[in-house]
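Visitor: I would like to learn how to read helix packing, a sheet and a few loop residues in a model such as this one. Could you take me through them step by step?

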Amino acid sequence: MTIINENDLSRVDLNLLVVLLVMYEARSVTGAAQRLYLGQPALSATLKRLRAMFGDPLFVRSSQGMIPTPRAEQLVQQFAPLLQGMHRAIFSKPAFNPRQDRYSFRLAMSDWIEQWLMPDLLAELLVDAPQVDITVLTADPWQVTPLMEKQQADVAVTVGNPVSRDLTRAEIASAGFSTLWDSQQIALTAALTLAEFVRYEHVLVSYRGANESALDEQLQQQGVARRVRYVTPHFSALPLMLKRLPLFATVPQGLVSNWCERFGLRAAPVPVAMPDYQLSLLWHNARHDDDANRWIRDKLHQLLLRKLL
């Protein structure tokens with residue numbers, strides 16, 4: 001790439017180049033002045049500056065009007081496409097067209113949100129945006145803020161309340177938890193009680209390897225405790241565990257209907273009070289007004305609301 005000499009360019013008035021192109025088309029000082037809404041003396045002064053800048057008369061008077069010199073012809077051929085491109089870049093903001101444009105979005109989320117949302121989103125995109133691709137980046141609530149601050153993803157779907165002056169967060173909705181088990185492993189004849197809940201062992205998802213969660217704090221307030229037999233950072237491991245072993249798993253509500261249908265699991269409300277989780281979209285402020293980013297945010301927003309109804 002050719003190095004630009006900023007000192008040379010700083011002395012160039014782009015308005016002069018506009019006058020050059022209009023003079024070339026009008027072939028008349030009077031006509032060019034009218035098109036540019038300038039007085040004829042001002043246009044003549046500008047033409048004098050152009051001649052001095054390029055060291056050439058540029059236009060000479062004749063019976064057919066102001067005729068361009070070979071140097072003027074050469075300059076117009078070079079500058080016309082450049083100024084047209086500059087005009088498009090400044091004044092023509094391209095709109096994102098999902099039905100035609102090829103685009104790759106990078107979305108950040110945890111694995112349970114991916115299981116819950118992405119099959120539906122991808123099915124919609126195959127119809128509404130056939131040239132749009134999705135890459136999902138793993139981002140638990142502790143990873144998501146630094147990942148988004150570095151703009152490693154376009155949008156994040158997350159829980160919790162991440163705060164950063166570099167990011168915008170839109171709260172979408174809140175949802176709760178349910179407890180799942182396999183009826184062949186744990187045979188309950190009635191509703192899930194607190195006594196039954198702590199009688200059996202549990203599997204727990206923890207992104208930091210902790211063997212306790214907010215649920216255990218609620219159990220302690222009731223004077224009881226559960227035994228967590230298995231801790232994993234992956235929700236996807238739980239259904240097969242439940243199918244083979246007498247275990248309980250307490251999971252976000254978004255997973256419940258799909259897991260019950262696919263794996264034949266049973267579900268019940270958690271037998272102690274549990275705070276809901278807040279689902280939010282998160283994006284970098286630099287992408288706030290980007291047309292494509294706004295489109296995928298709207299898609300995710302609408303899908304989240306539909307899934308939670």
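Guide: What follows is a walk through a predicted model, taken feature by feature.

Visitor: How are two packed helices described?

Guide: Two packed helices are described by the angle between their axes and the distance between the axes. Here, helix H6 (residues 111–128) and helix H12 (residues 291–308) have axes that come within 11 Å and cross at roughly 125°. H6 and H12 are therefore oblique to each other, and their crossing is right-handed.

Visitor: Which residues make the contact between H6 and H12?

Guide: On the H6 side, the contact is made by Trp116, Leu117, Met118, Asp120, Leu121, Glu124, Leu125 and Asp128, while H12 contributes Trp295, Lys299, Leu300, Leu303, Leu304, Arg306, Lys307 and Leu308. Sorted by class, this contact of H6 with H12 has 10 nonpolar, no polar and six charged residues.

Visitor: At what angle do the axes of H2 and H5 cross, and what is the hand of that crossing?

Guide: Helix H2 (residues 14–26) and helix H5 (residues 70–91) cross at roughly 115°, with axes that come within 10 Å, and H2 passes H5 in a left-handed crossing. From H2, the residues Leu14, Leu17, Val18, Leu20, Leu21 and Tyr24 meet Glu73, Leu75, Val76, Phe79, Ala80, Leu83 and Met86 in H5. The contact of H2 with H5 comprises, by class, 12 nonpolar, no polar and one charged residues.

Visitor: Turning to the sheet, in what order do the five strands lie, and which are the edge strands?

Guide: The five strands form an open sheet in the order S4-S3-S5-S12-S6, and the pairing is mixed. Strand S4 (132–138) and strand S6 (167–175) are the edge strands, each of them pairing on one side only. On average, and with direction ignored, neighbouring strands of this sheet are turned by 20° against each other.

Visitor: Which strands do H6 and H12 lie across?

Guide: H6 lies across S3, S4, strand S5 (155–159) and strand S12 (277–284), and runs at about 155° to S3. H12 lies across S3, S5, S6 and S12, running at about 175° to S12.

Visitor: What should I keep in mind when I look at backbone phi values?

Guide: Most residues other than glycine have a negative phi, and most peptide bonds are trans. In this model, Leu58 has a phi near 70°, a positive value in a residue other than glycine, and Leu58 lies in the loop between helix H4 (40–54) and strand S1 (59–62). Gln151 also has a positive value, with phi near 55°, and is found in the loop between helix H7 (144–149) and S5.

Visitor: Where does Pro246 lie, and which residues is Pro246 in contact with, leaving aside its neighbours within four places in sequence?

Guide: Pro246 lies in the loop between helix H10 (238–244) and strand S10 (247–252), and counts as partly exposed at 34% relative accessibility. With neighbours within four places in sequence left aside, Pro246 is in contact with Gln185, Ile186, Tyr200 and Glu201. Pro246 and Arg287, by C-alpha to C-alpha distance, are 47 Å apart in space and 41 residues apart in sequence.

Technical notes
Residues are numbered from 1 along each chain as its sequence is written. This is a predicted model: local features need pLDDT of at least 70, side-chain atom pairs count only at pLDDT 80 or more; totals for chains, interfaces and linings use all residues. Side-chain values use heavy atoms; hydrogens and water are left out. Axes are lines fitted to C-alpha atoms, for helices over the stretch in contact, and angles run from 0 to 180 degrees between N-to-C directions. Helices (H or I, at least four residues) and strands (E, at least two) are DSSP runs, numbered from the N terminus. Angles under 35 degrees count as roughly parallel, over 145 as roughly antiparallel, 65 to 115 as roughly perpendicular and the rest as oblique. A crossing is left-handed if the near helix is turned anticlockwise from the far one by less than a right angle, and right-handed if clockwise. Contact means heavy atoms within 4.5 Å. Ala, Val, Leu, Ile, Met, Phe, Trp, Tyr, Cys and Pro count as nonpolar, Asp, Glu, Lys and Arg as charged, and the others, Gly among them, as polar. Buried means under 20% relative accessible area, exposed over 50%, partly exposed in between (1.4 Å probe, protein chains only). Two strands pair if DSSP finds at least two bridges between them.
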